[in-house]
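This briefing sets out selected features of the structure shown below, grouped by topic.

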2 protein chains.
Amino acid sequence: MPTAIERRARLLGPHMTTFYREPVHVERGEGVWLWDTDGRKYLDCYNNVPHVGHCHPRVVEAICRQAGMLNTHTRYVHDMILDYGEALVSKFDHSLSSLLMVCSGSEANDVALRMAQAMTGKTGIIGTDNTYHGNTTAVSQLNASKVPIGGYQPHVRKVSAPDNLMPVGGTRAGQAEAFAKGVEQAVTELEESGHGVSALIICPYFANEGFPTLERGFMDRAIDAVRKAGGLIIADEVQPGFGRIGSHWWGHEKLGCTPDIVTLGKPMANGHPVAAVVTRHEILTTFQEAFKYFNTFGGNPVSAAAAHAVLNVIEDEKLVENARDVGAYAVGLLSDLAARHDVIADVRGSGLFFGAELWRDGKPATELCAAMVDEMRDRGVLLHSVGRFSQTLKVRPPCVFNRDNADQLVQVMDDALGAVK
Amino acid sequence: MPTAIERRARLLGPHMTTFYREPVHVERGEGVWLWDTDGRKYLDCYNNVPHVGHCHPRVVEAICRQAGMLNTHTRYVHDMILDYGEALVSKFDHSLSSLLMVCSGSEANDVALRMAQAMTGKTGIIGTDNTYHGNTTAVSQLNASKVPIGGYQPHVRKVSAPDNLMPVGGTRAGQAEAFAKGVEQAVTELEESGHGVSALIICPYFANEGFPTLERGFMDRAIDAVRKAGGLIIADEVQPGFGRIGSHWWGHEKLGCTPDIVTLGKPMANGHPVAAVVTRHEILTTFQEAFKYFNTFGGNPVSAAAAHAVLNVIEDEKLVENARDVGAYAVGLLSDLAARHDVIADVRGSGLFFGAELWRDGKPATELCAAMVDEMRDRGVLLHSVGRFSQTLKVRPPCVFNRDNADQLVQVMDDALGAVK
């Protein structure tokens with residue numbers, strides 16, 4: 001009998017990697033907990049897709065009810081997408097009143113880039129040099145670590161991403177200005193190359209870049225430069241969105257800016273394949289006039305029902321408040337831990353998206369961080385790493401994560417730091 | 001109170017069109033039936049997404065069970081995708097043994113094009129001049145009717161699509177040769193332009209082209225030309241696949257060819273957002289080596305469970321046999337109808353994908369066909385049009401469509417033809 005790992009390699013290809021030295025063979029999930037096929041229980045500190053907790057009964061119930069009633073596409077009229085869509089856009093600045101539903105964050109960003117192109121008539125895109133926005137052919141041009149097939153094309157310019165310990169321009173105080181100068185330089189280059197600027201696309205929490213601590217207004221000057229050149233601002237809220245960061249519903253609100261286009265994905269329907277673009281009515285209309293876009297599965301009644309249930313659970317269970325409270329509590333615990341472990345060079349985060357950056361001998365501790373990820377998995381706590389050198393332990397659990405869970409996380413981290421030294 | 005149509009225009013944009021002059025406000029579905037919010041019942045002769053019937057209880061049950069147990073991504077090991085994937089690839093030629101799961105047919109074709117590029121090192125693509133393969137930035141280059149944003153790029157060459165009444169080269173007998181010559185010409189052009197040939201991508205049933213009647217071996221010479229130039233064959237089975245055409249599980253089997261890459265979508269999980277690429281192990285491996293592709297929602301346990309239930313229902317309810325039997329019966333009825341209505345210029349199809357082409361005064365009867373679609377909707381039968389001039393009534397119902405349903409369809413078509421004349 002081949003093992004599951006062997007079957008995977010044969011069926012899904014040898015490069016379909018798993019997390020952890022010893023992969024977790026999962027079977028069941030509930031709230032912040034996962035169980036493997038041996039019945040072992042894990043504290044899930046990493047999965048943002050099950051935003052309101054693994055298998056939340058209200059989301060499951062919404063999916064079951066609607067799947068048993070009707071699931072078809074949006075060439076018919078159905079109330080579910082309208083009820084959901086109106087509830088969703090009410091969470092945004094009043095200008096962002098229109099919605100296009102798709103199936104994945106990749107599809108959302110692929111559409112967003114074309115919306116910018118349709119609006120501006122230009123093709124140039126500015127992103128950061130350490131990011132990931134998805135995997136379609138077009139969107140993969142923005143990837144830092146995954147070189148697109150065929151290589152990078154000249155319409156994309158990458159600016160240095162902000163960072164706490166390795167700030168752009170050398171100092172934290174001067175980072176916003178240095179970042180803006182990078183964007184201004186990219187604007188100039190794109191205008192000179194004839195591409196022009198269609199959009200700056202960023203995750204407003206810079207999640208893949210290691211979620212640096214940024215002051216409100218950090219992006220203002222960069223945004224000005226893009227808008228002066230006629231470009232749009234795309235906020236990829238796939239990771240920070242839906243209240244995860246505790247202080248706000250959306251990452252861009254924390255920065256104090258209103259983008260032209262917002263893309264949503266992973267947590268939107270707790271794992272059901274749902275994603276969306278939220279934008280101004282004018283932009284959606286211009287896009288639709290330029291291209292007859294239709295997405296068969298996007299916004300179907302079951303997807304809308306699942307997403308609406310998530311929205312309702314966030315409200316009813318006060319998960320934004322929970323993210324704020326538990327996140328602050330956990331960051332406090334990690335700060336205490338940092339006082340006892342020299343390898344913790346920085347503790348940061350907002351809401352239930354936080355972590356600890358590991359350095360050793362004056363350098364990012366990539367190997368130690370990898371060892372910690374595996375050691376904690378062996379001790380029943382699932383998390384992973386992020387950052388330019390994968391040197392930061394990243395914690396991004398389902399938003400029902402509570403103070404007891406934070407205690408367990410930090411206790412296990414403490415033990416593991418002792419063990420891997 | 002705004003109407004649902006007004007809410008749609010405001011929220012989803014003014015160009016989010018609906019089917020039918022009088023849109024159908026759907027509420028419930030079961031088998032081949034849809035009900036609107038007024039309780040009116042419609043015979044669904046058009047929706048291929050609910051492949052095994054609207055809200056099939058076994059698919060709904062599979063979704064509910066797995067959604068309540070676990071829904072996470074493929075960075076963990078889970079049996080569901082392995083069990084499903086092995087069952088799925090067993091339906092293909094033994095060479096097509098590997099699987100990559102995604103969320104939409106668009107994502108599947110976007111990946112397939114890059115697989116071809118990774119395998120061949122070339123970028124040229126050949127498609128037909130009247131097709132649709134999806135809506136990502138890259139895939140939209142293949143669209144005939146939806147001009148991509150930014151216009152067409154020179155790496156795509158479009159060849160004339162086969163047709164029953166307007167055959168390539170002027171005669172049905174010479175159509176295969178004429179089609180092949182078109183492909184050979186495209187090969188030459190792509191080699192001369194320096195793009196080279198990465199792939200020929202076709203729907204092997206030419207579904208969007210009006211599903212012309214093609215003999216086995218129709219594609220042989222064209223395929224030879226592509227393979228001699230080092231290119232791959234991509235079969236987009238989103239429409240003909242999963243036994244719809246009755247004679248075979250896949251459209252390419254009907255033509256008697258084995259593609260290098262097969263893409264799957266819409267009907268795969270009865271409406272749950274699931275799609276896939278099935279290919280040779282070598283191609284998947286080469287793609288993965290060239291690009292670290294990962295799809296968060298693709299192949300999650302719920303998606304795999306839904307898709308597996310569809311596969312099981314097709315087998316257990318003998319839906320391929322049903323498609324063959326009922327399709328042949330319906331085409332017979334339509335042929336009888338054609339004898340009494342001069343406007344029916346051709347009746348054709350295979351399994352539960354068939355239709356009647358309307359001509360008047362020696363020309364494709366576009367307006368009459370549109371009127372028929374609306375007239376039949378008003379008489380409680382839902383179908384739509386296809387073809388270069390939208391002149392063909394297209395019937396493509398859930399595969400549980402039975403002979404009684406066919407009787408009703410043809411009776412209503414008969415009445416409607418009388419009414420719209």
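Phe206(A) is placed in the loop between strand S7 (197-202) and H6 of chain A; helices (H or I, at least four residues) and strands (E, at least two) are DSSP runs, numbered from the N terminus. The model is predicted: local features need pLDDT of at least 70, side-chain atom pairs count only at pLDDT 80 or more, and totals for chains, interfaces and linings use all residues. Residues are numbered from 1 along each chain as its sequence is written, while chains are lettered from A and ligands numbered from 1 in the order in which they are written.

- Phe206(A) has a phi near 45°, a positive value in a residue other than glycine.
- Phe206(A) counts as buried because it has 23 C-beta neighbours inside 10 Å; a residue is buried if 20 or more other C-beta atoms lie within 10 Å of its own, exposed if 12 or fewer, and partly exposed in between, with C-beta atoms placed from the backbone.
- Lys318(A), in the loop between H9 and helix H10 (319-340) of chain A, has a phi near 50°, a positive value in a residue other than glycine.
- Lys318(A) is partly exposed, as 13 other C-beta atoms lie within 10 Å.

**Chain A overall**

- Chain A contains 12 helices and 16 strands.
- Along the principal axes, the C-alpha atoms of chain A fill a box of roughly 60 × 55 × 45 Å.
- Of the 421 residues in chain A, 62% are buried.
- Among contacts in chain A with a separation of 6 or more, 74% come from residues 24 or more positions apart; two residues are in contact if their C-beta atoms, placed from the backbone, lie within 7 Å.

**Helix packing in chain A**

- Helix H5 (residues 175-192) and helix H6 (residues 220-228) of chain A pack at an angle of about 15°, with their axes 8 Å apart; axes are lines fitted to C-alpha atoms, for helices over the stretch in contact, and angles run from 0 to 180 degrees between N-to-C directions.
- H5(A) is therefore roughly parallel to H6(A); angles under 35 degrees count as roughly parallel, over 145 as roughly antiparallel, 65 to 115 as roughly perpendicular and the rest as oblique.
- The residues of the contact of H5(A) with H6(A) comprise 8 nonpolar, no polar and 3 charged; Ala, Val, Leu, Ile, Met, Phe, Trp, Tyr, Cys and Pro count as nonpolar, Asp, Glu, Lys and Arg as charged, and the others, Gly among them, as polar.
- Helix H2 (residues 57-67) and helix H9 (residues 301-316) of chain A cross at roughly 155°, and their axes come within 8 Å.
- H2(A) is therefore roughly antiparallel to H9(A).
- The contact of H2(A) with H9(A) has 11 nonpolar, 2 polar and 1 charged residues.

**Interface and a site in chain B**

- In chain B, 79 residues are in contact with 78 residues of chain A.
- H4(B) gives the most to the side of chain B that touches chain A, with 7 residues.
- That side of chain B divides into 35 nonpolar, 30 polar and 14 charged residues.
- Ala365(B), in the loop between strand S13 (363-364) and helix H11 (366-378) of chain B, counts as buried, with 21 C-beta neighbours inside 10 Å.
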